[in-house]
Amino acid sequence: MEGPQEQYHQPSSVVLSSEEEEDEPHLQKSAAINVKAVDPPSFLKLEFCSLHAGLMTATADGSMMVTESGITLPLKESEDCEDGESTHVTVVASQLRGYGVWDGGVAKGGTLLADWEGPAPSLLFLWVTEAQACMLHRELTPLQTTTPSDVACGCLIVLMKEQLQEVQVALLASILELEEYKKGRSTNDGHPPSPLDWSDGLLLLHSCPAPVDEHLLSLLGQSDEPPIRIINSSQRFSSRLLQYPPPPSKGRISVSQDDLFCLQDGQFLNDVIVDFYLKYLILEGVGRAVAERSHVFCSFFYKQLSRKRAAGEDCASIPDARTRHQRVKTWTRHVDIFTKDFLFVPVNYESHWFLVVVCFPALEDSVTAQFECASGEWKPALTGPPPPDCSSLGCRKRVVVRRPCLLIMDSLKTSMHNNICRLLREYLQEEWLVRRGNRRVFSNMTSSHCRVPQQDNSSDCGVFLLHYVEMFLKNPIVHFELPPRLDHWFPRQQVRVKREQIRQLIMRLHKTQQGLPE
């Protein structure tokens, strides 16, 4: 029997820019260095100077660590930061859409290397998902000495300390070609493969929202007017349809033409569509009274919370729960989640979407409350059962029970929720300590599987998740006798038309933002 050492690794092709054509970088062809097949190391440590993400810059405070789970960069805190410790930001492997390694000579004349002496260093270009870009934006904001822009950008530039040697490039490529990294490129239909060469990187930079595009291009000594060959190639990249909420609102989500593809029947919803629609439901006041008492986490929250320890997080003296909380601690700096009644956590686990609702996180035990039934008698429709008797529209009790709990709404009735609920309880415990300054145990917070309408195919889990949230806002649970029986919460036909409803909503908002007639 052959051992693991006999496994074959496909040779990597790493792109470095040709030095002979530095006088016209935007027309330059990239010279590909073909490296021999190498077994990827468990980690790779590389020295770097700074990270540039959108309009934000952060200075290195140690070596960059590249592992099979992600790329971790230690960064210096701003001078007015209280604890004075390093901040570690991580690009999760599955959130990397593409990468390129470039000779810094292509950036001569730009502000990035304006004061550089000696041979130009390498530049590492990283193209990340929208969710990862938003997460990095939150983590980098406290490190800025001036008020940063609220525009998140998926294009990152890492300035290395020196020109990488060929063997370093080969080892880097061997890690970035592992399966976990390739997951992020599975949706790159129509986009060039990695490693990205100089012209493909410029194409991506030109597609960034203003004024990020101009800033990043000026770092590299490029004009914000795209060259002819880039204009003619721009159809390879999806065009942005809208930003929601529209500028100048913060926390904007960009929806592109590519994202519309997943709204076709039989396709899995991506994180952009999930985050867009959840944000739309809250901001547009669907079920206004409930929305005001709710907080929605983005789809990347649980991914970031649950990932394995990365380089820089290996301190054995720090408990796992605290390490996980530190990754997402800035996500709620503007909201006290314990003042909310409901926290919606979308979870994508092994390519399956489901919803966890954290109910009454500030309560330590169940309480009773007076409830005023919905005005008027419920009038039955021509077909269909009455609303659930635990819901706002169906409850006929005058006294209802409220209890702190984790409600799981899964359209496939999978059995993989125990660990997920444990991580969320640990997060609540750490967040309580930060917010309230004392310890509270959440391990006794009950989790319960709601009896909810089920999908009848293999692709609608994300659509059901969105409809669960919408129905909760419109007709919430008011009596928390577990497990909630929501079998007839809504007819399945509402889910069948939801993809088209979301697509029409996106196109309507697109026309509004572009000033086009509807």
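Let me begin with a term: a residue is called buried when its relative accessible area is under 20%. Please keep in mind throughout that what we are looking at is a predicted model.

With that cut-off in hand, take Cys359, which counts as buried because its relative accessibility is 0%. Cys208 falls in that class too, since its relative accessible area is 9%.

How many disulfides does the structure hold? There are 0, and Cys208 shows why: its closest cysteine sulfur, in Cys153, lies 3.3 Å away, which is too far for a bond, given that a disulfide needs the two sulfur atoms within 2.5 Å. Cys359 is likewise in no disulfide, with the sulfur of Cys405, the nearest one from a cysteine, at 4.2 Å.

Let me turn now to the helices, starting with α13, which runs over residues 461–474 and spans 20 Å from its first C-alpha to its last, close to the 20 Å expected for its 14 residues at 1.5 Å a residue. Is this helix mostly covered or mostly open? It is mostly covered, as 13 of the 14 residues in α13 are buried.

One partner of α13 is helix α8, residues 271–283, and the two pack with their axes 10 Å apart, at an angle of about 5°. That angle makes α8 roughly parallel to α13, because angles under 35 degrees are counted that way. On the α8 side the contact is made by Val274, Tyr277, Leu278, Leu281 and Ile282, and these meet Leu465, Leu466, Val469, Glu470 and Leu473 in α13. Sorted by type, the residues of this contact comprise 9 nonpolar and 1 charged, with no polar ones.

Definitions and conventions: Residues numbered from 1 in each chain as written. Predicted model: local features only at pLDDT ≥ 70, side-chain atom pairs only at ≥ 80, totals over all residues. Heavy atoms only, no water. Buried < 20%, exposed > 50% of the residue type's maximum accessible area, 1.4 Å probe, protein only. Helix = DSSP H or I, 4+ residues; strand = E, 2+ residues; numbered from the N terminus. Expected span 1.5 Å × (residues − 1). Axes fitted to C-alpha atoms, helices over the stretch in contact; angles between N-to-C directions. Parallel < 35°, antiparallel > 145°, perpendicular 65-115°, else oblique. Contact = heavy atoms within 4.5 Å. Nonpolar A, V, L, I, M, F, W, Y, C, P; charged D, E, K, R; others polar.
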